[in-house]
Amino acid sequence: MLYTSDSNKRIRIEGLTSEELPLFMKTVKLLEGSADWEEIPDGIVISQGLAGETGLKVGDGCSVVIQSAEGTINMQDYTVTGLFPDTSQANKYVIYSSYEQAKELYYINRPTHILVDIANLDQAGEVKKRLREEIHHPWITIEAYTDNLSTAQTLSNINKYSMSGMVSFLLFISFVGIWAMQVENINERRKEIGALLSFGFTRRAVKRIFLFESAYISLLFLLTGLGVALPAIYIINVSDGLYLGSSASFAFGSSVIKPEAGLADVFTAALVALFYPLAATWLSLMGINNMRIVKLLNNAY
């Protein structure tokens with residue numbers, strides 16, 4: 001539990017060794033302050049979201065109280081030395097300190113967490129079962145990665161179907177817009193259509209002209225879209241993602257997004273961008289079948 005003069009929050013503290021600290025700094029990228037715990041041994045780094053809830057700023061002091069693995073209650077005073085962006089609800093309530101400080105807080109020389117790495121993840125359930133049969137202690141919790149897999153899959157499916165629904169809605173709106181635009185385009189070119197029919201063009205040939213025009217325009221905008229999207233995705237990933245703010249973490253699972261554009265994704269997007277405008281154009285051309293040449297050539301008819 002983290003205590004301040006105004007509030008307290010339940011948190012998780014993680015100690016970083018000197019070897020782990022450079023990787024942490026590269027991954028997290030502090031918004032303010034530093035993690036130079038050699039100068040300030042009792043320093044901690046907290047999330048921006050936690051700082052907002054507790055009113056803590058860089059340089060402020062606070063206390064952390066824990067119950068050790070042996071059951072004793074320990075308390076340690078700390079100084080906030082840095083703030084990092086909370087990229088999800090999972091790390092919003094995590095504070096980082098030096099490994100020695102965390103070890104002193106726990107006041108124990110035994111490990112508090114043991115990670116079992118197995119080659120075949122399908123055996124995780126069996127390994128957990130065997131450990132449970134051999135270890136009988138009320139304070140020891142044994143978990144497999146599959147225990148939290150359902151939550152991750154549920155969140156992933158929510159994000160997947162939510163984003164697919166948004167894309168489908170936008171495509172539908174765009175489809176209606178192209179349809180209405182092509183209907184207006186056909187109405188404005190009635191005399192041109194009538195002239196082509198009077199010269200011997202079949203109605204199918206006239207429709208083909210409009211479809212070629214639609215395909216040409218779609219191809220130009222597809223290339224323009226790829227020219228904008230692919231460099232943007234590259235820049236976002238080079239910049240370690242796009243930070244959407246902590247309020248976005250519930251909707252997206254993380255407030256930092258790193259979009260990827262695989263070959264299959266680009267190919268699918270290209271097919272959609274080329275063919276759904278053609279479908280809208282084809283639908284708008286259905287009215288040509290019932291148009292008489294005389295009526296097309298004379299708007300007052």
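I began at I46 and looked up its bridge partner in β7, which is L83. The model I am reading is predicted.

**Strand β5**

I went on to the whole pairing of these strands. β5 and β7, residues 73-84, run in the parallel sense and pair over 5 bridges. I then checked for β8, residues 94-98. β5 pairs with β8 in the antiparallel sense, over 2 bridges. Within β8, S97 stands opposite I44.

How many residues of β5 are buried? I get 5 of 5 for this strand, which spans residues 43-47. I sorted them by side. G43, V45 and S47 are buried on one face, and I44 and I46 are buried on the other. Both faces of β5 are therefore covered, given that buried means under 20% relative accessible area.

**Helix α1**

Next I took α1, residues 21-28. Its buried residues are L21, F24 and V28. I noted the general rule here: an α-helix has 3.6 residues a turn, so residues three or four places apart point the same way. On the other side of α1 I found P22, L23, K26 and T27 exposed.

**Helix α10**

I checked the length of α10 next. The helix covers residues 263-284, 22 residues in total. From first C-alpha to last, α10 reaches 32 Å, close to the 32 Å expected at 1.5 Å a residue.

Which residues of α10 are buried? I list A270, P277, A280, T281 and S284. They cover an arc of only 125 degrees around the axis, which puts them on the same side of α10. I then looked at the face turned away from that buried side. L263, A264 and F267 are the exposed residues it carries.

**Nonpolar patch**

Last, I looked up a nonpolar patch on the surface. Its members are F169, L170, F172, I173, V176, W179, V183, W282, L283 and M286. Together they have about 920 Å² of accessible area. Which helices each supply at least two residues? I find α6, residues 149-188, and α10. α6 gives the most, with 7 residues.

I173 lies in helix α6. Is I173 buried or partly exposed? Its relative accessibility is 44%, so I173 counts as partly exposed. Patch membership asks for over 30% relative accessible area, and I173 is listed in the patch.

Terms used. Residues are numbered from 1 along each chain as its sequence is written. This is a predicted model: local features need pLDDT of at least 70, side-chain atom pairs count only at pLDDT 80 or more; totals for chains, interfaces and linings use all residues. Side-chain values use heavy atoms; hydrogens and water are left out. Helices (H or I, at least four residues) and strands (E, at least two) are DSSP runs, numbered from the N terminus. The expected span of a helix is 1.5 Å times one less than its number of residues. Buried means under 20% relative accessible area, exposed over 50%, partly exposed in between (1.4 Å probe, protein chains only). The arc is that of the directions from the helix axis to the C-beta atoms. Patches are made of residues with over 30% relative accessible area and no salt bridge: like charges are joined within 9 Å, nonpolar side chains (Val, Leu, Ile, Met, Phe, Trp, Tyr) within 5 Å. Accessible areas come from the Shrake-Rupley method with a 1.4 Å probe; for residues, only the protein chains shown count as cover. A salt bridge is a side-chain nitrogen of Lys or Arg within 4 Å of a carboxyl oxygen of Asp or Glu. Two strands pair if DSSP finds at least two bridges between them.
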